[in-house]
Amino acid sequence: MEAFMNGYFCSTKRVRESSFCGGRAQTYRASVSRSRRHGLQMVTEVAGGINYVLEKKGLIDKALEESIDARSPYTRKIWDGIAYSLLGDGKRIRPALCLAACELFGGSAEDAIPTACALEMIHTMSLIHDDLPCMDNDDLRRGKPTNHKVFGEDMALLAGDALLAYAFEMISKTPKSVPADRVVEVLRIISHCSGAEGLVGGQVMDLEQEGNPDCTVETLRWIHVHKTAVLLKASVTSGAVIGGANIDDVARLGDFAEKIGLAFQIRDDVLDETQTSEVLGKTAGKDAAVYKATYPRLLGLAESRNQATQLVSEAKQILEKYGERSATLNSLADLIISREK
């Protein structure tokens with residue numbers, strides 16, 4: 001737990017002083033007391049997000065562990081490859097968002113846990129494939145060698161394929177207490193986010209724009225929305241659907257999730273330039289080394305932080321309709337832009 005907290009949480013002092021805590025350096029200089037209050041509020045809200053993830057992490061990890069099942073000695077090798085990446089030290093942000101959205105509308109974590117696990121499987125698939133030499137070609141993920149460095153490129157590719165397929169089998173294990181039409185809608189949401197108009201399309205454009213000095217902010221936003229935000233959006237909206245949200249609620253939460261998903265990727269871009277590989281658990285500075293299209297490259301670090309903060313602020317405004325019921329989702333949004341890895 002201590003390692004988990006250290007990986008996410010900024011001290012009160014650092015939260016107050018950092019430009020992503022409110023993005024108002026001039027206001028800070030003009031009114032120290034106001035900034036301190038804002039900083040303390042930010043710390044409280046981030047702590048709420050951390051506490052929620054910690055509360056649900058055991059449930060999520062237990063369900064993921066139980067899902068690993070080599071039913072034949074002939075499949076043990078591929079399951080070993082799956083378990084190596086799936087059961088690693090992940091943040092579990094996407095499953096937590098799914099559970100929180102479900103609970104917002106009166107559903108239970110038990111109703112949403114199969115979908116939450118499916119989302120983590122798809123996320124893990126994307127990481128395994130993203131690290132391959134034909135993609136981002138990285139050797140480090142979550143503080144240990146990437147999947148293909150341990151099992152080979154062929155097994156890594158197949159482990160990702162298996163995770164994507166198994167994700168939909170997991171969704172089929174949703175408790176019978178959840179109406180079938182909700183499960184079908186979840187299948188539609190998650191299959192759409194995983195394909196050419198979602199993760200795959202975003203990855204294609206990310207590769208296409210690598211090394212392109214003329215990449216625009218508009219194109220970069222499209223990449224981030226489709227490569228990263230789309231899975232966070234699927235996490236929140238699928239959880240809401242399972243919980244019984246109506247069409248308007250699902251659309252509203254989708255808008256919220258797209259904004260925090262974009263902020264998540266902007267924060268990733270910033271951390272790639274400002275953190276060490278030891279802290280990140282992956283190779284730092286790699287984006288700049290290959291001239292990848294990122295917000296810091298196009299807008300600079302300070303403006304990138306401001307953009308992320310503004311996106312989260314806008315996202316939280318979307319949820320004002322739900323009052324205190326949205327506190328958990330708001331805390332998770334704050335956690336996304338204050339994390340250190």
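Colleague: At roughly what angle do the axes of helix α17 and helix α18 cross, and within what distance do they come?

Modeller: In this predicted model, the axes of α17 (residues 301-318) and α18 (residues 327-338) cross at roughly 175° and come within 10 Å.

Colleague: What makes α17 and α18 roughly antiparallel or roughly parallel to each other?

Modeller: An angle over 145 degrees counts as roughly antiparallel. The crossing angle here is roughly 175°, and α17 and α18 are therefore roughly antiparallel to each other.

Colleague: Which residues make the contact?

Modeller: From α17 they are Ala308, Thr309, Val312 and Lys316, and from α18 they are Asn330, Ala333, Asp334 and Ile337. Sorted by class, the contact of these helices has 4 nonpolar, 2 polar and 2 charged residues.

Colleague: How many cavities of 30 Å³ or more does a search of the whole structure find?

Modeller: The search finds 2. The largest cavity has a volume of about 100 Å³.

Colleague: What pLDDT does the protein average, and what share of the residues score at least 70?

Modeller: The average is 86, and 86% of the residues score at least 70.

Colleague: Over which residues is the pLDDT below 50?

Modeller: One stretch is residues 1-6, with 8 contacts in the model beyond near neighbours in sequence. Another is residues 8-40, where the corresponding count is 43 contacts. Where pLDDT is low, predicted coordinates should not be read in detail.

How values were computed
Residues are numbered from 1 along each chain as its sequence is written. This is a predicted model: local features need pLDDT of at least 70, side-chain atom pairs count only at pLDDT 80 or more; totals for chains, interfaces and linings use all residues. Side-chain values use heavy atoms; hydrogens and water are left out. Axes are lines fitted to C-alpha atoms, for helices over the stretch in contact, and angles run from 0 to 180 degrees between N-to-C directions. Helices (H or I, at least four residues) and strands (E, at least two) are DSSP runs, numbered from the N terminus. Angles under 35 degrees count as roughly parallel, over 145 as roughly antiparallel, 65 to 115 as roughly perpendicular and the rest as oblique. Contact means heavy atoms within 4.5 Å. Ala, Val, Leu, Ile, Met, Phe, Trp, Tyr, Cys and Pro count as nonpolar, Asp, Glu, Lys and Arg as charged, and the others, Gly among them, as polar. On a 1 Å grid over the protein atoms alone, a cavity is a set of points where a 1.4 Å probe fits but cannot get out, and a pocket is an open set with protein on both sides within 12 Å along at least five of seven lines; lining residues have an atom within 4 Å of a point. Grid points are joined across faces, edges and corners, and a volume is the space filled by probe spheres set on the points. pLDDT is the predictor's confidence in each residue, from 0 to 100.
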